[in-house]
Amino acid sequence: MKSVAIFFICIILLNGCSSSTQLSLYQKLDGKAGLARIVDSFIYQIGNDEQVIHYFEHSNIAHFRQGFITHICMLVEGPCEYDGDSMVAIHTGMHITEKDFNHVVDLLINAMNEQNINHNLQNEILSRMAPLRSEIIKI
């Protein structure tokens, strides 16, 4: 009977250990290096897309890249603090249509697929980005 009690105590302790070592979304994405790979693929997708490239033609790509990496890092609860311009400030006057917004989301999904990000992680990233939609479309 005593060994059964010890067995259950060990199971409880091991269960507590496994939940405390669960990886964060940032860690599951391979940290900043993984985010950089996603963003680089995304930039490549945009650069080869005639539908939306005009939104980016006057952009400083290096600045965009660093800002987007930092912004995603913050959204996935990484150690980054985004202190760039607000989404409203960045997108005001661009008059981004819903169709083009959705297309850019598709390009991001393509980039994540290219980087072998599984669909559960993709959905988690997109769900954290979704509230920004109203700050980007038609302003």
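# Legends to the close-up views

**View 1. N118 is partly exposed, with a relative accessible area of 41%.** Buried stands for under 20% relative accessible area, exposed for over 50% and partly exposed for values in between (1.4 Å probe, protein chains only). The model is a predicted one, in which local features need pLDDT of at least 70 and side-chain atom pairs count only at pLDDT 80 or more, while totals for chains, interfaces and linings use all residues. Residues are numbered from 1 along each chain as its sequence is written, and side-chain values use heavy atoms, with hydrogens and water left out. N118 belongs to the loop between α6 and α7; helices (H or I, at least four residues) and strands (E, at least two) are DSSP runs numbered from the N terminus. From C-alpha to C-alpha, N118 lies 9.7 Å from L29, although 89 residues separate the two in sequence.

**View 2. The protein chain contains seven helices and zero strands.** Read from the N terminus, the order of elements is α-α-α-α-α-α-α. Of the 139 residues in the chain, 35% are buried. Contact means heavy atoms within 4.5 Å. Among the contacts with a separation of 6 or more, 74% join residues 24 or more positions apart.

**View 3. Helices α6 (residues 98-114) and α7 (residues 119-129) have axes that come within 11 Å and cross at roughly 145°.** The axes are lines fitted to C-alpha atoms over the stretch in contact, and angles run from 0 to 180 degrees between N-to-C directions. The crossing of α6 past α7 is right-handed; in this convention the near helix is turned clockwise from the far one by less than a right angle, and anticlockwise for a left-handed crossing. From α6, the contact is made by V105, L108, I109, M112 and N113, and from α7 by H119, Q122, I125, L126 and M129. Seven of these residues are nonpolar, three are polar and none is charged. In this classification Ala, Val, Leu, Ile, Met, Phe, Trp, Tyr, Cys and Pro are nonpolar, Asp, Glu, Lys and Arg are charged, and the others, Gly among them, are polar.

**View 4. The largest nonpolar core has 37 residues, of which L29, L35, F42, V76 and L108 touch the most other members.** Such a core is a set of buried Ala, Val, Leu, Ile, Met, Phe, Trp, Tyr and Cys residues joined through side-chain atoms within 4.5 Å. Two or more residues come from each of α2 (25-28), α3 (31-47), α4 (61-75), α6 and α7. The greatest contribution is that of α3, with seven residues. V76 is in contact with L25, Y26, L29, L35, I125 and R128, leaving aside its neighbours within four places in sequence.

**View 5. L25 is located in helix α2.** A relative accessibility of 6% places L25 among the buried residues. Residues up to four places away in sequence not being counted, L25 touches V76, L121, E124, I125 and R128. The C-alpha atom of L25 is separated by 9.5 Å from that of L75, 50 residues apart along the chain.

View 6. The record, an unreviewed entry, gives "binding site" for H91; its feature names are shortened, positions follow the numbering used here, and annotations may be inferred rather than shown by experiment. H91 counts as buried because its relative accessible area is 12%. Beyond residues up to four places away in sequence, H91 touches I96, E135, I136 and I139.

**View 7. Q45 is a residue of helix α3.** With a relative accessible area of 17%, Q45 is buried. Its partners, not counting residues up to four places away in sequence, are L107, N110, A111 and E114.

**View 8. D30 has a positive phi near 70° in a residue other than glycine.** Most residues other than glycine have a negative phi. D30 sits in the loop between α2 and α3 and is partly exposed, with a relative accessible area of 43%. N116 likewise has a positive phi, near 60°, and is a residue other than glycine. N116 is found in the loop between α6 and α7 and counts as exposed because its relative accessibility is 68%.
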